[in-house]
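Hello,

Here is the structure we talked about. Please open it first, then read the notes below alongside it.

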Amino acid sequence: MSLVGARVIRKEDPNLITGRGQFVDDVQLAGTAHMAFVRSIEAHATIKSIDSTAALECDGVIGVWTAQDLNLAALPGVPGLQRPPLAMGKVRFVGEAVAVVVAEDRYVAADAAELVFVDYEPLPVVTNINDALQPEASLLFEEVGSNTVFEMPTPDDFQSVFDDAPHTSSVHIVNNRCAPAPMETHACLADHGPSGLTLWASFQAPHHLRNTVSGWLGIAQDQCRVITPDVGGGFGAKVNWTPDLFVAPILSKLLGRPVKYTQTRSECMTQMYHGRAQEQDVDIAYDADGQILALRVLVYQDCGGYPDPTGMGLPALTTTMAAGCYVIPNVSVAWKNIVTNTTPVAAYRGAGRPEASYLIERAIDLIAYDLEIDPLVVRRKNFIPPESFPYATHSEIAVYDSGNFAGALDELLNIMDNDAIRAEQQENLADPAKPLLGVGFASWLEIAGFGPPGSLEGFGHLGSWESVQIRIQPDGSAIVYTGASPHGQGTVTTFAQIAADYLGIDFDKISVRHGDTATIPQGIGTLGSRSVAVGGEGVKTASVRIADRAKRIAAHLLEANPDDIEVANGNFSVKGTPAQNVSWGEVAWASFRPLEIPEDMEPGSLDNTVLQQVPNFSFPSGAYACVVEIDKETGDTRVRDMYLVDDCGTVISPMLAEGQVHGGVAQGIAQALYEEVRYDENGQPTTATFMDYLIPAAPELPNFTSGRTNTPTPNNTLGAKGIGESGSVGAPPAVINAVVDGLHHLGVTHVDMPANPQKIWRILQGGVT
């Protein structure tokens with residue numbers, strides 16, 4: 001039986017569910033000191049002075065350091081706009097690190113940090129895109145001369161197409177700022193001794209961190225070891241450069257002892273890079289039948305207080321995918337990167353693609369409202385047909401690999417009773433005691449499988465391939481070493497499934513190791529839904545190579561032709577004579593004994609390392625539907641049902657795929673209805689705790705009804721596209737389209753996220769959104 005596609009129990013779970021997982025904060029080294037940051041209470045200010053006298057008098061405090069004391073280089077970033085590890089004369093957002101305290105325990109360090117007095121001279125604050133773009137706005141970087149730090153104009157706005165179009169619609173969209181809020185916050189432990197640095201970190205790309213930290217410190221990479229043990233979620237936010245990752249190693253070397261930092265939850269809410277924070281001006285032109293003629297998108301990306309290269313790249317991904325799964329002959333895109341006195345912004349699950357799906361799916365519904373036709377009709381009329389793949393888009397980097405968008409929508413309507421829901425909607429509308437019902441659809445598409453040469457190098461990574469090494473042990477078991485660095489994806493399980501199929505070794509005799517730069521070949525890491533599409537393909541490549549070599553050894557032992565050898569159930573046998581066989585253990589043992597292998601083979605040859613590349617991105621897609629109930633008195637809006645059809649190509653582990661979708665959809669629902677990072681007019685965060693920042697729990701989430709279609713990608717031999725971010729791409733537009741549908745009888749055609757009760761109540765009272 002093939003393990004690829006089988007529902008197997010996750011290999012990772014026994015340790016995690018019995019409390020035997022090891023996270024950074026679980027690592028205890030003798031003599032460890034603890035680090036805490038003094039963080040800015042001002043959003044924009046010059047630093048006049050820092051007085052650490054009171055802090056240094058506390059029992060257990062080892063020292064307090066400022067930027068002037070340590071004289072540190074800026075963190076890697078945009079030249080001229082880099083973030084300092086500790087603020088240098090000026091702060092640009094609340095929570096920016098100003099000084100650092102080290103003490104014998106974390107509680108003393110935290111208390112002492114409160115006693116460091118910083119004298120600020122406040123400066124005018126800009127907390128949103130509109131304010132930052134005003135001519136009189138205070139500048140975060142005076143040397144730039146503007147709060148727009150980068151601008152990509154459009155080569156053609158297709159104004160003539162819009163002028164001649166029978167119909168046009170326009171909308172300004174706010175894609176609300178979100179906090180990633182992983183279960184485990186940032187954490188690191190640095191031990192910089194005579195033999196070099198070992199850095200434990202909750203991070204998504206250990207080799208990327210090793211290469212960068214060693215270069216920043218000026219030490220050789222062989223003297224810098226990064227270990228990422230169990231990581232409690234990342235969502236893209238743990239692949240960016242933050243001060244703790246660089247300050248801890250410096251202080252460890254200075255003090256001659258290990259230094260640990262574990263971020264508090266409130267620090268996480270204001271210091272961990274945020275996501276989304278994007279606004280868009282969207283214009284769409286179409287004919288009387290709903291055929292799209294042109295799309296024009298101008299993206300404004302809020303980069304926060306320091307423009308991170310990944311954050312600045314988000315509009316590139318949004319505009320690349322702006323046309324979604326539709327044939328649009330004229331697409332105009334442009335964007336601006338803007339700095340504000342807020343937490344910096346970078347990747348968050350989906351990273352630019354949820355923003356793209358949201359804008360085009362909202363535009364599709366605007367067409368339907370304008371023409372008074374069914375939104376499903378508009379979608380079907382404009383879908384890229386299945387026979388058109390590979391499909392070249394308006395973007396040079398996006399050539400869609402495969403898909404059947406109409407087929408996914410058909411499957412969606414098979415698993416839901418749309419007619420019955422519409423009938424119930426009309427009944428509820430007439431009954432004051434019943435909630436309003438809304439039905440929303442989203443036919444979504446995203447770019448994933450980040451692996452083509454050049455796709456990650458621009459973001460500072462060494463390459464876009466992924467490393468895999470497989471070593472067969474003398475007893476016939478196998479160890480897979482991967483440069484992928486999972487933080488909840490189930491990579492250990494899926495990679496073992498792939499290896500079991502192509503090696504012919506029992507699933508339970510395959511281990512997968514990751515997250516240690518001293519033992520794992522140079523890798524890239526886990527981001528952009530690339531683990532299976534690139535790393536998993538590498539597992540297959542290495543497995544096939546090793547299996548071919550093993551067949552040669554088996555043939556030598558059986559005195560047969562290698563072409564006649566087949567492997568099944570852990571045994572090599574000659575075709576047609578299964579009784580004539582040798583076990584994997586016998587072949588593996590022989591592979592280390594020169595006298596028992598073919599003369600042209602070397603001992604230990606059942607070991608293979610691959611730096612796996614793929615020729616193009618993959619493009620997962622799907623169709624989602626959402627049913628919401630809106631309380632007519634309070635505006636409280638709840639998702640009653642979610643119907644989910646995904647096309648991720650070949651599914652390695654159905655259980656893991658479902659889990660990834662459910663998690664992504666939960667985050668999508670959260671953005672659509674609940675979550676929003678907010679600041680007051682002084683740049684003070686008003687959602688810095690879970691008391692104020694609304695993250696839905698199980699009671700707020702519906703049951704999911706799932707289906708699946710399958711159009712394998714031709715860009716890897718597994719046919720797998722990736723699925724880790726899909727739910728976060730498809731859910732927000734489906735939910736908001738449902739909310740707008742439920743309110744459309746009041747003349748509503750758009751509601752910005754989050755559609756919270758206050759906003760909906762104002763609409764129900766006849767007010768504005």
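Leaving aside residues up to four places away in sequence, Q667 touches F235, Y348 and R349. Keep in mind that this is a predicted model, and that the values here are computed from it.

Q667 is found in helix 18. Is Q667 buried or exposed? Its relative accessibility is 14%. Buried means under 20%, so Q667 counts as buried.

Helix 18 covers residues 654-673, which makes 20 residues. From its first C-alpha to its last, helix 18 reaches 28 Å, close to the 28 Å expected at 1.5 Å a residue. Of its 20 residues, 15 are buried, so helix 18 is largely enclosed by the rest of the structure.

Next, the cavities. How many cavities of 30 Å³ or more does the structure hold? There are 6. The largest cavity has a volume of about 90 Å³. Its lining is made up of 13 residues, and P76, G77, R83, Y273 and D308 are the ones that lie nearest the centre of the cavity. By type, the lining divides into 9 nonpolar, 2 polar and 2 charged residues.

Regards

Conventions:
Residues are numbered from 1 along each chain as its sequence is written. This is a predicted model: local features need pLDDT of at least 70, side-chain atom pairs count only at pLDDT 80 or more; totals for chains, interfaces and linings use all residues. Side-chain values use heavy atoms; hydrogens and water are left out. On a 1 Å grid over the protein atoms alone, a cavity is a set of points where a 1.4 Å probe fits but cannot get out, and a pocket is an open set with protein on both sides within 12 Å along at least five of seven lines; lining residues have an atom within 4 Å of a point. Grid points are joined across faces, edges and corners, and a volume is the space filled by probe spheres set on the points. Ala, Val, Leu, Ile, Met, Phe, Trp, Tyr, Cys and Pro count as nonpolar, Asp, Glu, Lys and Arg as charged, and the others, Gly among them, as polar. Helices (H or I, at least four residues) and strands (E, at least two) are DSSP runs, numbered from the N terminus. The expected span of a helix is 1.5 Å times one less than its number of residues. Buried means under 20% relative accessible area, exposed over 50%, partly exposed in between (1.4 Å probe, protein chains only). Contact means heavy atoms within 4.5 Å.
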